[in-house]
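This is a short report on one protein chain. Please look over the sequence and the model before reading on.

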Amino acid sequence: LVCVDNADAESEALNTLDLRHAAVTDITLAANSGLNAWKSNEDSVTHDFIRLESYAPNKLTYKAETASERLAVFSEIYYPHGWHLLIDEQEATIYRVNYTLRAAIIPQGAHTIMMYFVPEALNSDKWATLMVLLIIVGSLISILVHYIKQWRSN
């Protein structure tokens, strides 16, 4: 992992690094997410693998096996609002590397990795929908009570 001073330097580094063996990120972004504390293990990776098992636009599942902890870079656009990462059903962090891609730290061993998308607006939309529904039901009950009172008074 190569940390650079800013987004411009990150973009420039993409032209010079061998991205098969390195990733680049903004030092400020890395420090804020804790990615800068990650240290690469330089031993051989010939038997390590990560394989896409299933794909849907809102859910990706991978199988991985590593001899030691690794940084995996996914060919998926980094978008922090709504994407979640589970490694063996445990919540993990998605990092931004190579200016636009997602990355994750994969622990040693065999793992199932799942990324799924739940729009953040969905949670606020549920409450807004519920409030509108309550207002409509309340209005209908109020109108019904008004007509019943009027009908009884006649």
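## Basis

This is a predicted model, in which local features need pLDDT of at least 70 and side-chain atom pairs count only at pLDDT 80 or more, while totals for chains, interfaces and linings use all residues. Residues are numbered from 1 along each chain as its sequence is written, and side-chain values use heavy atoms, with hydrogens and water left out.

## Overall make-up

Three helices and ten strands make up the secondary structure of the protein chain; these are DSSP runs, H or I of at least four residues for helices and E of at least two for strands, numbered from the N terminus. Their order from the N terminus is β-α-β-α-β-β-β-β-β-β-β-β-α.

Of the 154 residues, 26% are buried (under 20% relative accessible area, 1.4 Å probe, protein chains only).

## The five-stranded sheet

An open sheet has the strand order β3-β4-β10-β6-β7, with antiparallel pairing (strands pair if DSSP finds at least two bridges between them). At its edges stand β3 (49-56) and β7 (90-92); each has a single partner strand, so one side of each lacks a neighbour in the sheet.

Strand β3 is joined to β4 (residues 59-66) by seven bridges, and the two run antiparallel. L52 has Y62 in β4 as its bridge partner.

## A residue of helix α3

L133 lies in helix α3 (residues 120-153). With a relative accessible area of 47%, L133 is partly exposed (between 20% and 50%).
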